[in-house]
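Let's walk through this model together, starting with the whole chain and ending with a few side chains. Keep the viewer open as you read.

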Amino acid sequence: MKTILVCCGSGVATSPQVSNKLNEYLASVGLDGYAKATPKPIETAKSTIENDPSVIIYVGIAPADAELQETLDENDVVGMVGLPWLTGMGQDEANEKVKEVVEKHKI
């Protein structure tokens, strides 16, 4: 099972909301058996990505800073911004990107 890591400030409000939307989307397209969105606090993002090879997508409420982007690049993790799942604007396109990445990593 691959992981979509969803991070916000504390990991208790925004990231669970985005994770739920992502998991509903994955189920709707039959990919819930391949990947799952998991909410976490932003301060755990770097170490989680470095230590969990199942992470294939990072969704941050804000764009990744330079240090986190370097970690994403080093670990071949796709970085995305979570605003489309909060506002609805651009959500279809963001969902399609998630679908493409998950399908690429299907085992």
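The radius of gyration used here is taken over C-alpha atoms, and the globule rule is 2.2 Å times the number of residues to the power 0.38. For 107 residues that rule puts a compact globule near 13 Å, and the chain agrees because its own value is 12 Å. Along the principal axes, the C-alpha atoms fill a box of roughly 35 × 30 × 20 Å.

Before going further, a word on the ground rules. This is a predicted model, in which local features need pLDDT of at least 70 and side-chain atom pairs count only at pLDDT 80 or more, while totals for chains, interfaces and linings use all residues. Residues are numbered from 1 along each chain as its sequence is written, and side-chain values use heavy atoms, with hydrogens and water left out.

You will find five helices and four strands, where helices (H or I, at least four residues) and strands (E, at least two) are DSSP runs numbered from the N terminus. In sequence order the pattern reads β-α-β-α-β-α-β-α-α.

How do the residues pack? Taking contact to mean heavy atoms within 4.5 Å, 58% of the contacts between residues at least 6 apart in sequence join residues at least 24 apart. Buried residues account for 38% of the 107; buried means under 20% relative accessible area, exposed over 50%, and partly exposed in between (1.4 Å probe, protein chains only).

S15 counts as buried because its relative accessibility is 0%. Beyond its neighbours within four places in sequence, S15 is in contact with V6, C7, C8, P39 and K40.

Turning to charge, the chain carries 9 positive and 16 negative side chains, and the centres of the two sets lie 6 Å apart. Lys and Arg count as positive and Asp and Glu as negative, leaving out His and the chain ends; each charge is placed at NZ of Lys, CZ of Arg, CG of Asp or CD of Glu.

Which residue forms a salt bridge with E50? The partner is K46, with the closest N and O atoms 2.7 Å apart. The structure holds one salt bridge, meaning a side-chain nitrogen of Lys or Arg within 4 Å of a carboxyl oxygen of Asp or Glu. Both residues lie in helix α2 (residues 45-51), four residues apart, or about one turn of the helix. E50 counts as partly exposed at 39% relative accessibility, and K46 is partly exposed too, at 29%.
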